[in-house]
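Subject: Structure for your review

Dear colleague,

Please find the structure below, followed by an account of what was found in it.

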Amino acid sequence: PCTVQDYALIDVDALLDTARPQRAPVDPWKIIQTAWEPLRARYWETVFALSNGLIGLRGCLEERSRALRPFQTPGMYLNGIYGYEAYEHPWYFPGFATRKHAMLNLPDWCIVHIYVNDTHVSVTSSQLQAFRRELDLRDGVLRTFMLWKDRASGVSVRIEIIRLVSMARRHSAAIQFTITPVGGSANVSLRYAVDQHPTTSTLKDQHYLCFRRYQIAPDGFLATCAVNKSEQEFAMAVKYRVNGAPAEALIHSLGENIVDPAWSLTTDVAEATTLTFTVHACFFTCVETPADELMEHAETQVLQDIQDGFPALLREQRAFWRAYWRRADVRIDGHPADQQAVRFSLFHLRQSHPDDPHRSIGANGLTGDHYCGHVFWDTEMYMLPHFLYTEPRLAKSLLMYRYHLLDKARQRAREMDGTGAMYSWNSINGEECGTVFEASTAQYHLQSAIPFAIARYVDATDDAAFLRDYGAEIVFETARYMAGRGAYVPHKGGRFCINAVCGPDEYACGVNNNCYTNMLCQWHLRYAVAVYGWLRKTYPTQWARLTNQLALREDEVRAWQRAADRIYIPFNKRLGIHEQDDTFLSLDPVDMGTVPHFTDIREKLHPLNLWRMQVVKQADVVLLMFVLGDQFSKRVKRANYEFYEPRTCHGSSLSASIHSIVAAEIGKHDDAYTYFRHSAYMDLNDFKNNVAEGVHSACLGGTWMAIVHGFAGMRTYARGLSFAPTLPAAWEGYRFRVVYRGRHLLVDVREGRVRVTLERGAPLRVFVYEKPVQLQRRAPYVGELRG
Ligand code: BGC
């Protein structure tokens, strides 16, 4: 199997020969492709995907043809637009999902073919003299450069294409072509088309998008589309400009055929002059807009965009990203490749955020549909921290998405014969899509992950109103479900046990008392009790209203307390470690040298052979050491890490960052750095050989966590904010900013010293290496670097 055990073992040259992507040339602010290589095209489509959390566009070339088709997967997604298909279970059991929904691939509006003197400009032609694409992380655009030499006339043509999905105008995207002949004039022809038959690879059924209304014009078109089965609608409006102006005279529509609309433009371009062709596209969906207003909104927006012009969109985009980097950049000195990988991660993470309380971030963002656009615990546990500590309102919007799904979660709890609310493991709209129920529905820890994220948010922002109006309801309803999910088991000393679950380690299904699940549930139930008490005391009216509405009585809250106090926590005294679950230590020992790493071995083994192996898919107890880090001594953390790390094959991209964080805390600096690199390069170096299907969004967030929580040791335990920085030997220094309770801090770590500056906000007490430090404006803390 094509797996890599260690980052250091990767032979990049060898990868080049196996159609794996080449390492992008190192550049701190760009990701650069220097040659068209068909076998690597899908990788680049993901790496170059642009998104603003609402619109997602894979970085497919504008050129499409039968010859290129086997190498391309165009993707155009709108967050929240999905199709349904029925599941066929050979044997149906209660609570099984009956249908699946998956993000749809929508009409492809980026198809432009260029002809020079009647010859098609193609990446496959020998007349292409130069080809380069670059994702500019500072400007937030994808640029393509091509130099074409027309063999017959000897004229060269410079082509530049700039593509953006606007972060400032959530409904807008645009592509601009500039075409400049050099050494003579050229006859240039552009043919623009829209593909109305995109394939959604994750759905078998046809999800034909039918047009409710459309208008086709010489300079574009406007349509509302309805999705079969999900009864959703969206509108799209496309308009072109030639040299910045409407060009009815130049463009002509190739028929009134709405099924495959196409337009063409032909003109002579004099030497050293430039033809500019711009496509503006706008999208509105029923998720945020009333159905009868969709078309009108799309039209108004596209008219606004063409009036303001492409340069204005470009300026706004640049301003957005500059502001983002000022606030959220992690600067690494002395290692440009690590710097590039980290910025690449941050860019993709930030652009995936929808900034809309009715939408969240799927496991691949909007860069590919491997995970069908589904949202997992990835969002709360791996992505949310970055948003929370750099732009807290973005964390709130992710939590509001969960709030809006609360009724669906209640319904799911009933389907699973429970009370309260139970969130679906993988879903867009709240309906469970997991069919491998033993590793989806069984991951009950999601029910505590959402309250955990709520608590983190409230801690970091003091947003009591959020907890009062939304958070408390989620916390109570999920606590109710979890309290009902466990039982007091006489054989376990009458302890509260949670049986037949799956923890984060998806290779251990149907286990009893997964330690991570139990301890997080214990934390969750205690938090629910605390929130209940706080609400009653602080907001008695809202408390009365909510508890009435939920029929929540004191005795139920007391039962939560009791379950938390009596919960069973597996611990092995002889080994000094937490057992992952009741049976983990009794499983078949495995020679890890024979187990492929960094790949999901579920695809290679029958479950009955997998479940008896003592192999961990991803950080589980090790994750617990970080998540509830204030409950364990360093000794226990170290013992657990040393026991589980050698038994972990990192079959999930969520594993490396957590190992890096815990390794940093227990002083295993080489491990910390190696695992950081595994995480940071996961997508750029295509560790799992599946980047073609989308970025690993949790891993992107994990990379940020590995620096801030790992190397810098940031924690937010009850006593307040603390740091315990270390500096990887390969770096000269690093710096980043965080926001905590309205304070803006700059943490700067370099050889020999740590500096923490309060840039904005009232004085704050923090801890640096356990020592209390009072931070004041204009009086940075400077101390010695340890570790
Ligand atoms: C991981 C899960 C994760 C999911 C989506 C799986 O491979 O094991 O923890 O939620 O991928 O990223």
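By class, the lining of the second largest cavity has six nonpolar, three polar and two charged residues. (Ala, Val, Leu, Ile, Met, Phe, Trp, Tyr, Cys and Pro count as nonpolar, Asp, Glu, Lys and Arg as charged, and the others, Gly among them, as polar.)

The model is a predicted one, in which local features need pLDDT of at least 70, side-chain atom pairs count only at pLDDT 80 or more, and totals for chains, interfaces and linings use all residues. Residues are numbered from 1 along each chain as its sequence is written, and side-chain values use heavy atoms, with hydrogens and water left out.

The structure holds eight cavities of 30 Å³ or more. A cavity is a set of points, on a 1 Å grid over the protein atoms alone, where a 1.4 Å probe fits but cannot get out; a pocket is an open set with protein on both sides within 12 Å along at least five of seven lines; lining residues have an atom within 4 Å of a point. Grid points are joined across faces, edges and corners, and a volume is the space filled by probe spheres set on the points.

In the largest cavity there is about 110 Å³ of space. Among the residues that line the largest cavity are L61, E62, H113, M146 and I161. Strand 7 (108-116) and strand 10 (141-149) each supply at least two lining residues, and strand 7 gives the most, with three.

**Second largest pocket**

The second largest pocket contains about 580 Å³ of space. Of its 21 lining residues, D459, W523, T716, Y717 and A718 lie nearest the centre. Helix 9 (445-461), helix 11 (515-538), helix 15 (621-627) and strand 23 (715-717) give two or more residues each; helix 9 gives the most, with five. Twelve residues of this lining are nonpolar, three polar and six charged.

**Overall fold**

The protein has 19 helices and 30 strands (DSSP runs numbered from the N terminus: helices are H or I with at least four residues, strands E with at least two). Of its 787 residues, 63% count as buried (under 20% relative accessible area, with exposed over 50% and partly exposed in between; 1.4 Å probe, protein chains only). The C-alpha trace spans about 85 × 60 × 55 Å along the principal axes.

**Individual residues**

Q176 is found in strand 12 (residues 172-182) and counts as buried, at 14% relative accessibility. Its C-alpha atom is separated by 5.5 Å from that of I161, 15 residues apart along the chain. Beyond its neighbours within four places in sequence, Q176 is in contact with residues including E160, T276 and F310 (contact means heavy atoms within 4.5 Å). F310 is one of the buried residues of helix 4.

Most residues other than glycine have a negative phi. D686 has a positive phi of about 50° although it is not a glycine. The loop between helix 18 (669-680) and helix 19 (697-711) contains D686, which is buried, with a relative accessible area of 4%.

Yours sincerely
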